[in-house]
Amino acid sequence: MSKANDSPTPSVAPPKPSPEALSTSLPPSPAADEAIAKMRSRVRLVRALRGGLELSMFGAGFAVVAMTLVKVGRVSDRAGRWMLLAALLFPLVGVLVGALRGISRLSAAQLLDRAFALKDRLSNAVEFSAVPTGERTRFMDAAIEDADQKARENKLDPKKALAFKWPAEAGYAGVLLAVLGVVGAVELRTRVFLPAPVAAGPRDPLELADDDIDAFREVARQNEERADTPEARQAAERFRQFVDQIANRRLDREEAFRRLQELQQEMEAGRESDREALREALRQLGRDLQSEQNDPATRELSNALQNADAQRAAEQMRELARQMRENRMTQQQRQNLQNAMQNAQQRRERESQQMQQQLQQMRQEIERMLRQQRERNLSQNEQRMLRQRQRDLERLERQQQQQQQRRRQLERLERAMSRAMQNLQRDLQQAAQNMEEGAQDLNRMQQQQLTEQQIAELRQQLEELRQRMRQQNGQGGQQQRQRLQRFAQRARGGVQPGGMQPGQGQGQRPGLMRLQRGGSGGNQPGQGQGQGQGQGQGQQNGGQGQQPGGQGYGTEHDDNHRGAASAAAGRTQQVNVNGQQNGQGPTRSQVIRTAAQEGFTTAAYRQVHQEYWDHAREVIHAGDVPPGYRSYVRRYFQLIRPRDEQ
Amino acid sequence: MTQSAPSAAQANKSATPPPKEAMDAFRRDIDAVKKEVGKVIVGNDEIVDGVLIAMIAGGHVLLEGVPGLGKTMLVRTLARALDLTFSRVQFTPDLMPADILGTTVLVEEGGQKRFDFQRGPVFAHMILADEINRATPKTQSALLEAMQEGSVTVGKQTYKLEQPFFVLATQNPLEMEGTYPLPEAQLDRFFFKLHVDFPDREELHAILDRTTGTDNAEVRPVMTRQRILELRWLAREVSVARHVQDFAIRVLQATHPDGPGRPEMVKQFVRFGSSPRGVQSILMASKIRALMDGRFAPSEDDVKATAIPALRHRVNMNFEGEAEGIRSDKVLEKVLETVQKASK
């Protein structure tokens with residue numbers, strides 16, 4: 001076979017028709033055209049259905065997700081509705097894409113050819129019809145006519161050519177729609193997160209100055225460190241919590257005072273009576289021993305007990321135990337001691353029995369009167385008598401309660417003394433041991449008294465805190481606060497505009513501090529040797545100042561921190577020093593601190609402060625400071641207290 | 001395949017009948033030939049159709065089958081029905097080209113001596129080259145010019161072969177010892193390669209009835225040489241739609257290991273695919289097949305039906321394919337399946 005282009009072929013393959021020509025060419029024949037057109041419509045329909053069903057699977061899946069999100073509360077109802085509407089768009093898009101997707105006449109003709117075994121008659125006719133008429137061969141025309149004839153002879157049903165088959169996605173879509181229905185029908189329990197209620201603080205919280213807060217916190221910390229009994233630790237802890245609440249502004253004024261009152265009441269409840277009962281018990285024990293104090297061995301012990309001095313009583317008991325152990329106690333002394341302790345024990349038992357009898361009689365009498373009252377109306381005298389008896393009974397019960405309380409306080413001590421009493425004649429060593437035990441018990445009481453001292457200090461702090469609270473938001477209000485602030489500033493050595501006068505030497509007598517109110521003078525440089533705190537404290541044998549004390553604290557300082565040595569004759573040489581305020585140098589508080597640490601011999605500021613504060617308290621207790629100013633004194637010392645970092 | 005158009009047909013072009021009538025006449029003539037052949041040849045309708053298609057297309061056929069299946073009888077019967085001259089050449093290893101083409105001999109005539117060319121058996125309309133693979137390549141190549149050009153050159157003289165010229169070669173697939181397989185260039189000259197299958201039981205009954213009795217079927221010539229040329233021209237008039245032609249091209253491309261749309265099998269077992277002569281054969285055969293089926297244009301089914309006989313001898317298997325015993329028919333079936341799927 002030769003090459004194709006060599007052969008004189010009368011007919012070659014027709015030129016390739018363009019796709020547009022295949023789609024828009026004239027129909028090859030009416031019958032074929034009709035069949036092809038129907039086929040194209042059928043293809044579009046099937047594609048649209050399939051596209052809709054296929055994408056409906058995704059739409060259903062999306063709807064299930066949207067419904068689930070709505071049910072679990074992750075998506076709002078409004079957004080959920082929009083998502084469900086969007087899910088409907090999926091099959092719609094599928095239908096539109098399938099319907100609008102083009103299909104060529106050639107493809108439709110090929111579908112018909114294959115379906116009806118036309119052996120490409122229709123597709124050939126479509127292609128040949130796209131060739132311009134002048135270029136067609138006679139066999140092309142014949143093929144077109146043949147296709148038309150075949151189209152007429154065969155009933156070209158497009159449904160047979162392209163049967164609709166349900167896509168697999170339709171099944172999945174159905175399942176998903178069922179799931180959607182189930183999810184839509186089921187009400188899921190959702191967890192709704194409500195906004196957390198905002199902790200409402202007091203409208204008008206009690207506010208204390210930061211210095212005060214710091215001071216009270218430090219006291220609380222010291223109390224906690226020193227507390228060695230559960231009661232003391234608990235009290236210190238409560239106090240610290242109370243201060244923290246004030247610091248955090250979680251208490252208003254009314255609530256703060258209420259809490260403070262509760263604290264004080266808890267601290268006082270039973271404590272005073274316990275202490276008093278203990279003291280009374282010791283005194284009673286001392287009196288019991290004193291009644292037989294012919295022997296000096298027991299005299300000192302008796303005196304110590306009558307003075308409720310547990311520490312000294314313990315020492316005396318140890319002395320007695322030592323005498324017993326060293327056998328320095330005569331038989332007579334032992335007998336006297338034994339008698340004394342025995343008498344004391346008998347007296348206590350006797351008192352207890354008497355009180356028990358009285359109580360019994362009184363209860364019987366009251367019961368009888370009450371019975372009479374139920375049987376008949378009592379006269380006024382009888383009723384008065386009944387009330388009197390009831391009051392007496394209450395009193396006696398209180399006395400008995402106190403007595404029992406005393407017994408409880410001295411239970412171990414009495415037991416130890418009772419054993420010592422029994423062993424005095426038989427086994428001195430054992431008796432000495434018992435006396436030692438009694439001494440230890442007294443030491444415990446002494447320790448308890450120390451705890452009482454700590455609690456007393458705490459009470460004092462509570463009282464000061466009450467004072468501070470009163471001043472803070474009390475009658476003075478804002479003006480009072482400002483005044484306190486000015487006071488604090490002056491206490492730290494700060495400049496107070498107006499109302500400040502330089503301090504002047506006073507030092508009328510060594511070791512005595514006298515505070516005076518600040519005047520209303522202008523701000524003037526200080527005079528004399530040392531100013532402010534440095535004056536009048538008499539620690540450097542300064543002479544008596546000739547000048548009247550200034551009204552207010554000094555605002556200047558000596559750069560040398562130390563005043564010139566005073567003359568031995570006591571004559572003070574007065575030197576005027578003009579203070580310089582150039583904005584340089586250490587701050588006033590630093591200067592004061594330095595002066596306290598370095599300016600007064602070599603004593604630490606903490607020690608100096610403690611000495612002065614002790615003295616100030618003595619002055620306050622002595623009544624030298626008017627009641628209205630005592631809080632200022634306390635506050636002053638509180639503000640200048642030594643800090644940990646200093 | 002020679003393309004010498006019949007002068008009579010060209011002369012009467014204006015008087016060409018309408019396609020419908022021409023196609024009907026075509027079908028009548030072909031049916032008549034097949035009917036006459038059927039008197040002698042039992043079954044083998046596909047072989048008969050293939051041989052007729054190749055002859056009308058102007059091509060040559062390579063028949064492959066075991067001896068005794070009626071190959072020679074088919075050609076002889078066909079030649080008789082078509083009223084064509086027939087030559088049978090038994091190819092043997094000692095067969096020389098001159099034995100086929102002819103030779104120049106010294107002739108003394110009237111007292112004068114001259115060289116005269118004595119034509120060989122190739123100078124006939126139908127040549128049966130029996131067991132062509134037994135001849136040496138030199139002898140085999142002697143047929144090349146005749147098959148391709150339709151002429152024979154001996155010395156300086158070229159002799160034109162009379163049309164239609166049709167070579168039908170056979171080869172035995174069993175006895176390969178002492179044979180010379182046809183080279184690819186010569187194989188490519190064959191239009192079709194047809195496999196002659198063993199007849200089934202009914203066909204054997206018919207063969208025995210016809211050949212062992214006293215009846216001697218007489219084959220009448222039903223088609224003239226001129227008519228064959230007209231049919232050949234008519235077949236070339238048939239137009240091929242673009243999508244059908246494209247389908248044939250894609251089949252051809254898919255036979256190449258590196259061609260587009262090839263199946264994996266081609267890549268694995270094929271050494272090289274068909275030449276463009278293959279698709280030419282496919283299209284020509286499709287046209288004739290469409291006419292024989294009463295259609296004015298070939299379809300993809302025609303392409304599929306003619307692709308295997310047209311391409312099976314043009315697809316060369318690689319070593320792996322040969323070692324695995326993969327036949328080209330199987331590869332081509334896969335190719336057709338792949339291309340068909342891709343076109344849907």
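# A tour of chains A and B

Buried residues make up 31% of the 646 residues in chain A. Keep in mind that this is a predicted model.

Stop 1: Now think about contacts. Take those in chain A with a separation of 6 or more: 75% of them link residues 24 or more positions apart.

**Stop 2: colour chain A by confidence.** The mean pLDDT here is 71. Of the residues in chain A, 66% reach 70 or more. Which helix has the lowest confidence in chain A? Select residues 19–24 of chain A: helix α1 has a mean of 48. Then select residues 77–100 of chain A. Helix α3 has the highest confidence, at 86.

Two stretches call for caution. Over residues 1–14 of chain A, pLDDT stays under 50. The model has 32 contacts beyond four places in sequence for this stretch. Next, pick residues 496–547 of chain A. Again pLDDT stays under 50, and here the model has 131 contacts beyond four places in sequence.

**Stop 3: Asp120(A).** Select the loop between α4 (105–116) and α5 (121–129) of chain A, where Asp120(A) lies. Its phi is near 65 degrees, a positive value in a residue other than glycine. Is Asp120(A) buried or exposed? Asp120(A) has 28 other C-beta atoms within 10 Å, so it is buried; the cut-off is 20 or more.

**Stop 4: Glu131(B).** Move to chain B. Glu131(B) sits in the loop between β5 (126–130) and α6 (137–149) of chain B. Phi of Glu131(B) is positive too, near 50 degrees. Glu131(B) counts as partly exposed because it has 18 C-beta neighbours inside 10 Å.

**Stop 5: a cis peptide bond.** Stay in chain B and select Gln163(B) and Pro164(B). The bond joining them is cis, with omega about -5 degrees. Most peptide bonds are trans. Pro164(B) is in the loop between β7 (157–160) and β8 (166–171) of chain B.

Stop 6: Select α10 (residues 242–254) and α13 (residues 300–311) of chain B. Their axes come within 9 Å and cross at roughly 30 degrees. Angles under 35 degrees count as roughly parallel, so α10(B) is roughly parallel to α13(B). The crossing is right-handed.

Now show the side chains. From α10(B) come Val244(B), Phe247(B), Ala248(B) and Val251(B). They meet Glu300(B), Val303(B) and Ala307(B) of α13(B). The residues of this contact divide into 6 nonpolar, no polar and 1 charged.

Terms used. Residues are numbered from 1 along each chain as its sequence is written. Chains are lettered from A and ligands numbered from 1 in the order in which they are written. This is a predicted model: local features need pLDDT of at least 70, side-chain atom pairs count only at pLDDT 80 or more; totals for chains, interfaces and linings use all residues. A residue is buried if 20 or more other C-beta atoms lie within 10 Å of its own, exposed if 12 or fewer, and partly exposed in between; C-beta atoms are placed from the backbone. Two residues are in contact if their C-beta atoms, placed from the backbone, lie within 7 Å. pLDDT is the predictor's confidence in each residue, from 0 to 100. Helices (H or I, at least four residues) and strands (E, at least two) are DSSP runs, numbered from the N terminus. Axes are lines fitted to C-alpha atoms, for helices over the stretch in contact, and angles run from 0 to 180 degrees between N-to-C directions. Angles under 35 degrees count as roughly parallel, over 145 as roughly antiparallel, 65 to 115 as roughly perpendicular and the rest as oblique. A crossing is left-handed if the near helix is turned anticlockwise from the far one by less than a right angle, and right-handed if clockwise. Ala, Val, Leu, Ile, Met, Phe, Trp, Tyr, Cys and Pro count as nonpolar, Asp, Glu, Lys and Arg as charged, and the others, Gly among them, as polar.
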